[in-house]
Amino acid sequence: MSDNPYAASSTRLADDVTEHGEIVLASRFKRLIARLIDQIIYALLTFLCLYVYGSWFPGDGSAIDLATSNTISSPSDAWKSLLFTYDLSFNSLFLFLLSIAIAFVVQGYFLAQFGQTIGKMALNIKITDKENLEKPSLTRLFVVRECGMSIIGILPILSLINVLWIFGPARRCLHDHWSRTIVVNA
């Protein structure tokens with residue numbers, strides 16, 4: 001070590017240390033696994049809603065019937081039951097809004113209290129404000145970030161673009177940019 005006060009530092013900063021100091025960005029793999037955990041929770045709750053909704057309003061011939069029935073007559077029916085797609089019917093709109101409401105009830109508490117979803121808690125990562133590194137408001141976390149992802153999820157190409165954005169040098173998806181957040185190790 002040199003005693004020269006004007007010498008360049010010999011320390012090398014890690015790629016995942018931000019300009020704010022010792023905050024380490026969450027790895028892409030941790031973010032992926034956390035999102036998969038969250039999506040499994042959403043899927044289970046959505047299928048539960050489909051089952052209950054299908055038992056309350058049976059027989060309208062929609063994808064809801066296919067998803068809740070045990071009779072699948074063709075391969076296309078099987079795909080429809082496995083890959084529930086929204087159409088422009090009242091039932092689909094209702095179920096889309098219901099799934100957002102369920103996500104808010106399940107994840108809203110954890111987002112408001114800790115800035116983490118259940119999946120992020122499991123992997124010890126959290127969402128912070130990019131500027132001040134504090135927990136963002138629930139409005140920014142849920143309405144801007146989570147609901148924004150749900151809305152663009154209707155069009156698969158937009159979801160793909162959103163997810164692929166994480167491979168940039170900042171390791172932020174589009175929803176991170178528009179909500180002005182980063183995901184860091186907790």
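The model is a predicted one, in which local features need pLDDT of at least 70 and side-chain atom pairs count only at pLDDT 80 or more, while totals for chains, interfaces and linings use all residues. Residues are numbered from 1 along each chain as its sequence is written, and side-chain values use heavy atoms, with hydrogens and water left out.

Three salt bridges are present, a salt bridge being a side-chain nitrogen of Lys or Arg within 4 Å of a carboxyl oxygen of Asp or Glu. In one of them, Asp176 meets Arg31 at 2.6 Å, N to O; because Asp176 belongs to helix α8 (residues 174–179) and Arg31 to helix α1, the pair ties together parts that are 145 residues apart in sequence. Helices (H or I, at least four residues) and strands (E, at least two) are DSSP runs, numbered from the N terminus. The side chains of Arg145 and Asp176 also form a salt bridge, at 2.3 Å, N to O, and this pair links helix α6 to helix α8 across 31 residues. Asp176 is buried at 0% relative accessible area, where buried means under 20%, exposed over 50% and partly exposed in between (1.4 Å probe, protein chains only).

Ile127, found in strand β1 (residues 125–129), is buried as well, with a relative accessible area of 1%. Its contacts (heavy atoms within 4.5 Å) include Leu111, Arg145 and Ile182, not counting residues up to four places away in sequence.
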